[in-house]
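This note sets out points on nonpolar packing and on contacts that involve aromatic rings. It is meant to be read alongside the coordinates.

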Amino acid sequence: MDTALTRAGKKRLKPGVRLFLGILPFIVAYAVFCYLPLTGWRYAFYDYKPGRQLSDCTFVGFRYFTSMFQNPVSRRELFRVLRNTVVMSSLNYLTSFLPMFLAILLNEVKNRRYRKFVQTVTTIPNFISWILVFAMATAMFSVESGAVNRMLREFGIIDKGLNILGTSDHVWLFMLLLQIWKGLGWSSVIYMAAINGIDQELYEAVAIDGGNRFQKIRYITIPGLLPTYVTLLIIGLGNFLNMGMEQFLVFQNAFNKDKVEILSLYTYNVGLVGNNISRGTAIGMMQSVIALLLLCTTNAVSGKVRDEKVF
């Protein structure tokens, strides 16, 4: 009888209502973990002191926002971290085609075992924490005991160890290579799924017309992946200034901080390490507003150029 009542209840519910109830837990979770923390933005308008109630702190309005540009030292620091963030984000976008390129190469591998092996090997680094990556980098590139420096010394290529981790020279390139190594395989999974969604009859039509493998890639695979690539690029532009700080936090030191400190890490250093939560919150708010404007702008440009918007 209970089963019959359950079935009757399901029949009375419209498909749209059932769909909404299905995604309701995810909406609630997203609101709790993504929107509810935005109430902390109010700290940016108070001279907050840790351990005190916010109501007991002095309301300062936009003082922490204007001080970022009024003080020459703060302005120079802000421009420095913005430079680092823009450079690292730009390098990421210049190399954003690599996951698509890897997916195309893997799709052309006919040996399934070898393809699965390469997919596994390139995807595993995504699940390695940046702490372990830093430990591996230290073991390989430390000045005295690093494997790379020891090998170079044994072959007589260098006389003393290279301080790769303790210098700001080429640090942007080093960070970029680490990001590519860690995320290349995982990012290619989306493009592999997009390739599987391409109509196979298109490949058969090219083969009938005498097209070779490279022509199939040029005229079928790449055009089929471009919508996915552009969509991911537009979504990613919203996070242009909001790069994950974990990598830069673990690799930061006194020698490379001038170029490693990006905006997210600067917010952390100012707010928590520097014990100035109000100023750090103001910087974070500015970062979020700029990210939202970038996302809306790129979405509008996409609508004008491609007649297609993400939202």
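This is a predicted model: local features need pLDDT of at least 70, side-chain atom pairs count only at pLDDT 80 or more; totals for chains, interfaces and linings use all residues.

**Notes on core packing and ring contacts**

1. Leaving aside residues up to four places away in sequence, Phe-174 touches Phe-141, Ile-164, Leu-165 and Phe-251.

2. Phe-174 belongs to the largest nonpolar core, which has 21 residues. The members that touch the most others are Phe-174, Met-175, Leu-178, Phe-248 and Phe-251. Two or more residues of this core come from each of helix H7 (130-141), helix H8 (147-154), helix H9 (171-196) and helix H12 (246-251).

3. Another core, of 16 residues, lies apart from the largest one. Its members include Val-60, Phe-65, Leu-78 and Tyr-266. As general background, nonpolar side chains in soluble globular proteins tend to be buried together.

4. Aromatic pairs number 10 in a search of the whole structure. In one of them, Phe-45 and Phe-65 form a tilted pair, with 5.5 Å centre to centre and 35° between the planes. This pair links distant parts of the chain, 20 residues apart: Phe-45 is in the loop between helix H2 (15-35) and strand S1 (46-47), whereas Phe-65 is in helix H3 (residues 63-70).

5. Phe-65 also pairs with Phe-62: the ring centres are 5.6 Å apart and the planes stand at 55°, so this pair is tilted. Are the two partners buried or exposed? Phe-65 has a relative accessible area of 16% and is therefore buried, the limit being under 20%. Phe-62 has a relative accessible area of 56% and is therefore exposed, the limit being over 50%.

6. Ring pairs also join Phe-134, Phe-141, Phe-174 and Phe-251 into a cluster. Of these, Phe-174 and Phe-251 are named among the core residues that touch the most other members, and Phe-174 touches both Phe-141 and Phe-251.

7. The charged end of Lys-182 sits over the ring of Trp-130, 5.1 Å from its centre. Arg-63 lies over the face of Tyr-64, at 5.0 Å from the ring centre.

8. Which residues of helix H5 (residues 98-107) are buried? They are Pro-99, Met-100, Leu-102, Ala-103, Ile-104 and Leu-106. The cover over these buried residues includes helix H6 (112-123), H9 and helix H11 (213-237).

Definitions and conventions. Residues are numbered from 1 along each chain as its sequence is written. Side-chain values use heavy atoms; hydrogens and water are left out. A nonpolar core is a set of buried Ala, Val, Leu, Ile, Met, Phe, Trp, Tyr and Cys residues joined through side-chain atoms within 4.5 Å. Buried means under 20% relative accessible area, exposed over 50%, partly exposed in between (1.4 Å probe, protein chains only). Helices (H or I, at least four residues) and strands (E, at least two) are DSSP runs, numbered from the N terminus. Contact means heavy atoms within 4.5 Å. Rings of Phe, Tyr and Trp (its six-membered ring) pair if their centres lie within 6.5 Å; planes under 30 degrees apart count as stacked, over 60 as edge-to-face and the rest as tilted. A charge sits over a ring if NZ of Lys or CZ of Arg is within 6 Å of the ring centre and within 35 degrees of the ring normal.
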